[in-house]
Amino acid sequence: MVYLNYTNLDNETQERLVSVSNKDVEQKFGNDLKRYAEEHHIEYEYFWKNKR
């Protein structure tokens with residue numbers, strides 16, 4: 001779980017939070033996301049890299 005500290009939301013902090021969030025999502029749901037991508041003919045690695 002990521003908790004935001006609203007006193008420091010500069011660009012660097014926002015990028016770090018998004019990175020942590022993306023890693024968390026991929027760790028928890030990576031297999032489901034890969035299965036979904038395969039079923040819908042989406043190139044998973046390309047899709048995921050462009051979302052980060």
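Hi everyone, let me start with the charged pairs: this structure holds 2 salt bridges, a salt bridge being a side-chain nitrogen of Lys or Arg within 4 Å of a carboxyl oxygen of Asp or Glu. Before I go on, this is a predicted model, where local features need pLDDT of at least 70 and side-chain atom pairs count only at pLDDT 80 or more, while totals for chains, interfaces and linings use all residues. Residues are numbered from 1 along each chain as its sequence is written, and side-chain values use heavy atoms, with hydrogens and water left out.

Back to those pairs. In one of them, Lys28 and Asp24 meet through their side chains at 3.4 Å, N to O. They sit 4 residues apart in helix H1, so about one helical turn separates them. A helix here is a DSSP run of H or I with at least four residues, a strand is a run of E with at least two, and both are numbered from the N terminus. Lys28 is exposed, at 54% relative accessibility, and Asp24 is partly exposed, with 23%. For those words, buried is under 20% relative accessible area, exposed is over 50%, and partly exposed is in between, using a 1.4 Å probe and protein chains only.

Another salt bridge joins the side chains of Asp32 and Arg35, at 2.9 Å, N to O. Both residues belong to helix H1 and are 3 residues apart, about one turn of the helix. Asp32 is partly exposed at 42%, and so is Arg35 at 45%. As a reminder, an α-helix has 3.6 residues a turn, so residues three or four places apart point the same way.

Now for the helix itself. What is the end-to-end C-alpha distance of H1? H1 covers residues 11-39, and its end C-alpha atoms are only 36 Å apart, short of the 42 Å that a straight helix of 29 residues would reach. That expected span is 1.5 Å times one less than the number of residues. H1 also has a kink of about 80 degrees, centred on Phe29, where the bend is the angle between axes fitted to the seven residues ending there and the seven starting there.

Which residues of H1 are buried? They are Thr13, Leu17, Asn22, Gly30 and Ala37. Thr13 has a relative accessible area of 12%, and its side chain makes a polar contact of 2.6 Å with the side chain of Asp10. A polar contact is a pair of N or O atoms within 3.5 Å; within protein, one must be able to donate a hydrogen and the other to accept it, and residues adjacent in sequence count only if both atoms are side-chain atoms.

Moving past H1, His41 lies in the loop between H1 and helix H2 (44-51). His41 is exposed, with a relative accessible area of 75%.

There is also a nonpolar surface patch of about 280 Å², made by Tyr36, Ile42 and Phe47. Patches take residues with over 30% relative accessible area and no salt bridge, joining like charges within 9 Å and nonpolar side chains (Val, Leu, Ile, Met, Phe, Trp, Tyr) within 5 Å. Tyr36 lies in helix H1 and is partly exposed at 46%.

Finally, the whole chain. It has 2 helices and 0 strands, and 13% of its 52 residues count as buried. The protein chain exposes about 4,900 Å², with carbon and sulfur atoms supplying 50% of that; these areas come from the Shrake-Rupley method with a 1.4 Å probe, and for residues only the protein chains shown count as cover.
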